[in-house]
Amino acid sequence: MAESVDLFKKDIFELEGVPAFREYYNLFIFMWQAIYKGFYKAWHDVPVRTIKDPKGKHRTMSTMNAGKMACAQMARYVWNERCSITASMDNAPNDDPLNDFLQYVLKDNRFGTSFGDLLEKAFALGGGALKEWVEIPKDENGNDIGEGKVRIGYTMASQFVPTAWDNSRINSAIFVSREARDGFYYSTVEWHRLDGTTYRVTNDLYRQPIKDGEPQNILGWWYPLNEIYPLLSPDTTIHDVHNAFFQYIKPFGANYADDNSPLGMSIYAPALNTLHGLDIMFDSLQREFVLGKKRIIAPARAMKTMIINGSRPERYFDADDEVWEALATDNPEDLKVYDNSVDLRIAPHLDGINGDLSILCAQIGFDPGTLSFDASSGLKTATEVISENSKTFGTVKAHENIIADSLREMVDAIFELAVHYDLTWQGQTIESLIANGYEVSVKFDDSIIQDKDAEINQGTMLVGAGLMSKKKFMMDTLGYTEEVADRELAQISAENKSNSVEVTRLFGGME
């Protein structure tokens, strides 16, 4: 096709219907992303001028990357391999096929690992998105050749733009993916729109030649989708939909940079000066070994001269020359060679780094000491925060509450997609499995920040003292859904009755 200037788009914010968020992405999200990756030009590109190079050159500052490490630690506190998402059918048997289907979908999409990675990046960039769709195997002619599978995508905030939202959730959004091929960048713009009960997904493709020094985020010219992705539908519409097939996940906390935006804030947004200071101190610590290396002061009369590159003279002291030479001086002090090496200032640097790490902990919601720096092992993180009254515990629980809502919406979307595409599990349709309703439970593992044994012991004592019901203990402490708790209580009651009958028979037989 003939490329037209009218179809050229610099970025997605030039597309009709996209909110004017360009400034927010440029000033905040892309900056947070650079800091997360460990190179933010405004901080880490340091000009250097020397006598030999008066025009100056640049060096890259050594970075501690404390922002990335703080996000990784927060993600580990919130999500780990012991966390679980379960679904239970109303009036389900002990072997719940609906939950089996859900666990298959999660495992098939490597959800445990992939969601942890997404969560770390969401804490850094202020948000991230999950996306669900059904992938149906096709032959070379595009004909369906089997039952579809539910797929889950994991998208960073820099590749996601909300386009419509209300007070509770984002209803429409754009997902951008980019691929380099044959000297071009191909950018797919995937637009999800939920209008009432109608859900529409459209795909457009843009391409831009790969040029050195040119930003990669330029969309370029519109390009026919089927020439690059022939099996990708340009327009898909699903009717009678109750859930969006994506969920935006953001950290706990208000967006104080843009009151009208549904986007979240990086957990280290309030700590930018602290992170910059940490990199300056860490760079200074590294430079201490470069600038503090051994220095020898020799008398000028002991220096020799060598011509470099045929024109430039360089003076040096030949420490290997054992030949006696006569110097024009009778003063012994003028003939001495001095070691002028300086003491390395390791301890003051570590004190400064640990001081700023304590400030960073306070700014992102950690207890002091959660992040610290040790001379022998480097950056350390606390592994346990036992007290429920700790600041870390409260921060993690606040993040969990928001994330749990998004994960429940993800499960609803998985089941709704399975119904619309007539998916089955173990010979039963998903539609029949959810016909009587279901309940979703998201259980986080707080054993890293809380003493789980102490929590169970405390709950057991409260139940024994009649201050807490067994059902509440099972749901709040053990993480059971209400249906599972009811089944367990019924089973326990049946076992107690059976044991009582056996005891009666035993003593009756002895009379």
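Q: What makes Cys-361 count as buried or exposed in this predicted model?
A: Its relative accessible area is 0%. Buried means under 20%, so Cys-361 is buried.

Q: Where does Cys-83 fall, buried or exposed?
A: Cys-83 has a relative accessible area of 11%. That value is also under the 20% cut-off, so Cys-83 is buried.

Q: How many aromatic pairs does the structure hold?
A: The structure holds 25. In one of them, the ring centres of Tyr-77 and Phe-366 lie 5.8 Å apart, with the planes at 85°. Centres must lie within 6.5 Å, and an angle over 60 degrees counts as edge-to-face. The pair is therefore edge-to-face.

Q: Why does the pair of Tyr-77 and Phe-366 tie together parts apart in sequence?
A: Tyr-77 lies in helix α3 (residues 66–78). Phe-366 lies in the loop between α7 (346–364) and β18 (371–374). The pair therefore links parts that are 289 residues apart in sequence.

Q: What relative accessibility does Tyr-77 have, and does it count as buried or exposed?
A: Tyr-77 has 1%, so it counts as buried. Phe-366, at 0%, counts as buried as well.

Q: What sits over the ring of Phe-184?
A: The charged end of Arg-207, 3.8 Å from the ring centre. The distance limit is 6 Å. Over the ring of Trp-133 sits the charged end of Lys-131, at 5.4 Å from the centre.

Definitions and conventions: Residues numbered from 1 in each chain as written. Predicted model: local features only at pLDDT ≥ 70, side-chain atom pairs only at ≥ 80, totals over all residues. Heavy atoms only, no water. Phe/Tyr/Trp six-rings, centres within 6.5 Å; stacked < 30°, edge-to-face > 60°. Helix = DSSP H or I, 4+ residues; strand = E, 2+ residues; numbered from the N terminus. Buried < 20%, exposed > 50% of the residue type's maximum accessible area, 1.4 Å probe, protein only. Lys NZ or Arg CZ within 6 Å of the ring centre and 35° of its normal.
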